[in-house]
Amino acid sequence: MSCTTTAKFITAIAHKVHSQKRYPTRLDYINVTSHIVDKYLFLKSPVGLGHEHIVEMLRNRFKRFRRKRATTSSVKNEETPPKKTKPLVAKVTRIPSAPPGEDQQSYQRHLKLLQDLYRKKTANVDSVSQLMERTFALRRASVMTDPQPLATILMEHPFLRSVDQLIIEYGRVLEDQHLHLKQPEVWMSKWCSRITSLARKESHRQSVRCVLEVYDLSESDNNGAELASEAALLLLATLGAKKSSASDVVQIVKGHDDISQEAKKTQKFPLVLATDSVPREYFLVAEKMTVGKIPQAMQLPSALLAAYYVFNMSYPDSLNQFYLLLECCLIGNCSQRLSTTTKSLFTTLSHM
């Protein structure tokens with residue numbers, strides 16, 4: 001059964017259960033899934049009783065379905081019409097097909113193996129990459145059809161805590177197996193210098209001048225590649241739409257601070273925490289928790305975009321134009337949602 005068909009199948013069951021009982025017990029779930037695997041033997045897992053994976057899928061889908069019903073009901077009961085919200089930023093919504101021979105049973109086996117390898121902390125990188133590749137289709141289907149808190153996703157797929165693996169996953173989403181190598185290189189060789197040069201021309205703006213002075217870039221590139229990448233990212237946010245704030249992209253923290261505690265102070269959307277130590281250390285955080293350490297400064301833009309794409313998050317309104325501009329630079333995907341100001345900024349950078 002394909003991942004798309006599986007998602008529809010689980011949804012249909014959730015609807016049926018909801019029509020009979022809004023708050024089923026775990027025993028109810030077990031009874032339902034036992035009947036399912038008895039009738040459809042190919043769904044039975046060789047591990048345990050054979051239906052635990054379906055129980056979890058059904059419970060997760062049912063909770064989401066119930067929340068959706070509750071939200072719809074509350075909106076209908078309001079006397080005033082709900083506030084209109086802007087449409088979410090379009091990401092890659094295609095759900096890939098699972099590799100030949102892969103199904104829910106093999107997927108669960110691979111997941112358990114990956115979790116065991118992560119706990120051992122001595123996993124072979126090639127073996128991990130192969131397993132991540134084999135499980136990508138069903139993992140993507142799960143993220144797209146059954147949204148979960150980030151903590152739950154990382155618990156089930158712990159290797160997404162590795163920013164290197166996260167960026168490779170981002171490449172899978174965009175169907176570009178070399179993205180993890182290309183994007184950081186393009187960022188450093190093409191965009192960093194252009195952004196810095198344009199910022200010097202815009203140094204009459206206080207916010208731009210402040211970033212240039214902090215990174216000692218007012219007259220020349222006096223810093224190494226590490227700070228050049230960080231500064232260019234902040235300058236791009238500062239040069240962009242008026243709503244964007246550089247501190248919502250990269251925040252500087254004390255080198256001796258507890259990163260997990262600092263992450264709890266942030267907004268829910270992805271951003272980078274950079275230590276003021278030498279050498280710099282970078283951490284990707286989202287939903288007030290640390291995702292993982294970013295190995296190289298040149299990976300900063302890719303790591304941020306990867307978090308949004310892999311975890312299927314929407315850009316916050318205040319950073320919408322900044323990330324659409326970053327997509328133009330690194331993916332070559334210039335959205336129609338670009339404002340006139342952002343289009344002009346990208347055109348200027350492209351012709352430098």
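Visitor: How many helices and strands are there in the protein?

Guide: The protein has 14 helices and four strands. Helices are DSSP runs of H or I with at least four residues, strands are E runs of at least two, and both are numbered from the N terminus. This is a predicted model, in which local features need pLDDT of at least 70, side-chain atom pairs count only at pLDDT 80 or more, and totals for chains, interfaces and linings use all residues. Residues are numbered from 1 along each chain as its sequence is written, and side-chain values use heavy atoms, with hydrogens and water left out.

Visitor: Why is Glu175 called exposed?

Guide: Its relative accessible area is 60%, and exposed means over 50%, buried under 20% and partly exposed in between (1.4 Å probe, protein chains only). Glu175 is therefore exposed. The residue sits in the loop between α7 (163-173) and α8 (179-201).

Visitor: Why does Asn312 count as partly exposed?

Guide: Asn312 has 30% relative accessibility, so it counts as partly exposed. Its loop runs between α12 (300-310) and α13 (320-330).

Visitor: What is the peptide bond between Val278 and Pro279, cis or trans?

Guide: That bond is cis, with omega about 0°. Most peptide bonds are trans. Pro279 lies in the loop between β2 (271-275) and β3 (282-286).
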